[in-house]
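This report covers one protein model.

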Amino acid sequence: MMEVEKAKASLNKILSKFATRGEIGNVTPFGTGHIHDTYHVQNLPPGDPHYILQRINHHVFKNIPALMENIQVVTAHLRAKLQQDPQANPAQEVLTLVPTQEREWYYKDSDGSYWRVYYFIPDTVSYDVVESQALAYQGGKAFGRFQALLADLPVSQLHDTIPDFHNVVNRLRLFREVLQKDPVERASGVEAEIAFVEERAVAMSTIYHLGQAGKLPLRITHNDTKFNNVLLNKSNKAQCVVDLDTVMPGFVAYDFGDAIRTTINKAPEDEADVGKIRVDMDLFRGFTEGFLEETAHALTPNEIESLAHGVLLLPFLMGLRFLTDYLDGDHYYKIHFPEHNLQRARAQFQLVRKLEEQFGVLQGIILEVAQKNELVTRDSRN
Ligand code: ADP
Ligand code: GN1
Ligand code: MG
């Protein structure tokens with residue numbers, strides 16, 4: 001059998017373990033995620049649902065049963081909340097897992113790979129780069145609403161799927177360990193990037209210290225709020241938040257900062273020409289308005305204050321993680337060419353520089369929008 005046919009047969013065999021219906025047609029690679037292998041599964045009979053099949057990266061997520069339990073708890077909670085909302089359409093607005101024939105949420109094959117299936121949410125779009133303020137606003141609404149809908153799910157119900165995921169102290173420690181070992185002898189080529197990291201190690205610890213001091217409440221956060229993890233409908237209205245693997249206890253500034261990172265920079269995350277990396281304040285305002293309309297009423301003053309710090313921290317953390325993976329020989333993220341992780345790190349660090357220049361402006365917009373929304377909420381409650 002040809003390689004392609006063999007691969008097709010093995011994907012079909014995996015799919016036969018799941019309680020799908022209809023007759024499977026083409027199975028094609030899908031999306032631009034860096035972690036899992038994602039496929040779109042076509043269903044031949046008209047009217048039968050299409051599916052998303054994913055090989056879950058178990059090098060990144062080491063406890064797959066705990067991961068899948070989280071996803072089950074989160075999607076069930078979101079679905080129950082949306083079912084109380086007459087305007088909502090839960091089947092299209094929350095991910096829905098398809099169980100295996102054995103009524104499990106994942107299937108482990110004989111090679112040790114883990115697989116899961118979701119219903120495909122049709123007629124949607126996602127964006128790697130955001131072009132308009134209206135779109136940025138929709139992203140803010142989507143992640144803000146996600147946070148608000150999960151506010152009454154006790155944090156103790158979720159496992160930490162990747163412990164210390166956004167903990168900068170942990171990320172700096174891992175970076176320094178790899179740098180010390182320099183396993184693929186790349187450290188001598190990235191002295192400027194190493195200096196960039198060390199110059200900011202203290203300044204980037206603000207959220208960590210506030211957290212340690214108990215000044216920021218732990219909430220259920222998404223923790224991977226890249227803009228392309230929102231599906232929008234054909235009219236560009238936010239419809240569904242995807243990529244729920246890192247939904248776990250965290251600080252609200254993480255979600256805000258990670259989303260801003262991929263919203264306000266019109267260049268791609270891995271832009272090769274750092275001269276093209278700019279901060280677009282209209283997009284910043286759009287996202288902030290959407291996000292705070294959904295969340296401001298529930299946030300503490302310390303959390304509001306922390307949001308601008310999250311905006312600096314998240315691109316710094318992502319650059320640090322890309323750089324660490326580059327120094328480590330590219331084991332974590334999918335790369336498309338040899339220096340891809342380094343290029344990603346450089347682009348993120350340039351974004352940090354641009355955001356540092358604008359810190360006061362960012363903070364001003366956040367405070368203005370937060371106050372407006374708190375007043376609106378207070379008035380509507382009176
Ligand atoms: P990764 O963790 O590798 O980023 P994701 O779970 O985010 O993987 O999936 C990759 C992409 O596939 C998403 O950005 C989204 O565009 C698309 N996607 C994922 N799940 C669905 C779904 N149920 N319906 C439609 N599109 C989906
Ligand atoms: C990964 O899965 P994906 O591509 O949405 C990563 C995020 C990074 C992102 C950078 C589990 O997200 O933390 O921000 O790449 N996810 C994991 O693009 O590490
Ligand atoms: Mg994703």
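## The domain interface

In this predicted model, the rule finds 16 residue pairs in polar contact across the interface of domain 1 and domain 2, both residues of each pair being at pLDDT 80 or more. A polar contact is a pair of N or O atoms within 3.5 Å; within protein, one must be able to donate a hydrogen and the other to accept it, and residues adjacent in sequence count only if both atoms are side-chain atoms. Two elements give two or more residues to the side of domain 1 that touches domain 2: α2 (64–83) and α3 (90–93). The most comes from α2, with 12 residues. Helices (H or I, at least four residues) and strands (E, at least two) are DSSP runs, numbered from the N terminus.

Domain 1 spans 7–119 and domain 2 spans 133–381. These bounds come from an automatic or database domain assignment. The C-alpha centres of the two domains lie 26 Å apart. In contact across the boundary are 27 residues of domain 1 and 28 residues of domain 2, where contact means heavy atoms within 4.5 Å. The size of an interface is often given as the accessible area lost when the parts come together. Here the buried area is about 2400 Å², with carbon and sulfur atoms giving 59%. That area is what two parts lose on being put together, summed over both (1.4 Å probe).

## Salt bridges

The rule counts 21 salt bridges. Each is a side-chain nitrogen of Lys or Arg within 4 Å of a carboxyl oxygen of Asp or Glu. Four salt bridges cross the interface of domain 1 and domain 2. D37 and K334 form a salt bridge through their side chains, at 3.0 Å from N to O. This pair links distant parts of the chain, 297 residues apart. D37 is in strand β2 (residues 37–43), and K334 is in the loop between α10 and α11 (340–357). D37 is partly exposed at 24% relative accessibility. K334 is also partly exposed, at 27%. Buried means under 20% relative accessible area, exposed over 50%, and partly exposed in between (1.4 Å probe, protein chains only).

R219 pairs with E303, the closest N and O atoms being 2.7 Å apart. R219 sits in strand β8 (residues 219–221) and E303 in helix α10, 84 residues apart. R219 is buried, at 17% relative accessible area. E303 is buried at 1%. R261 and D258 also form a salt bridge, with closest N and O atoms 2.7 Å apart. They are three residues apart in helix α8 (residues 252–263), so about one helical turn separates them. R261 is buried at 4% relative accessibility, and D258 is buried at 1%. A network of salt bridges links R285, E289, E368 and K372.

## Nonpolar cores

Which residues have the most contacts inside the largest nonpolar core? They are F256, F284, L292, F316 and L323, in a core of 100 residues. A nonpolar core is a set of buried Ala, Val, Leu, Ile, Met, Phe, Trp, Tyr and Cys residues joined through side-chain atoms within 4.5 Å. Helix α10 (residues 301–328) provides the largest share of this core, 15 residues. The core lies between domain 1 and domain 2, because both give residues to it.

Leaving aside neighbours within four places in sequence, L323 is in contact with F175, V190, E193, I194, V197, L342, A345 and F349. A second, separate core has 12 residues, including L11, V27, V41 and L53.

## The buried histidine H222

H222 is in the loop between β8 and β9 (230–233). H222 is buried, with a relative accessible area of 0%. A polar atom of the H222 side chain lies 2.9 Å from the backbone oxygen of V242. Not counting residues up to four places away in sequence, H222 touches F143, F146, N229, V241, V242, D243, L244, T246, V247 and D255.

## Conventions

Residues are numbered from 1 along each chain as its sequence is written, with chains lettered from A and ligands numbered from 1 in the order in which they are written. Local features need pLDDT of at least 70, side-chain atom pairs count only at pLDDT 80 or more, and totals for chains, interfaces and linings use all residues, while side-chain values use heavy atoms, with hydrogens and water left out.
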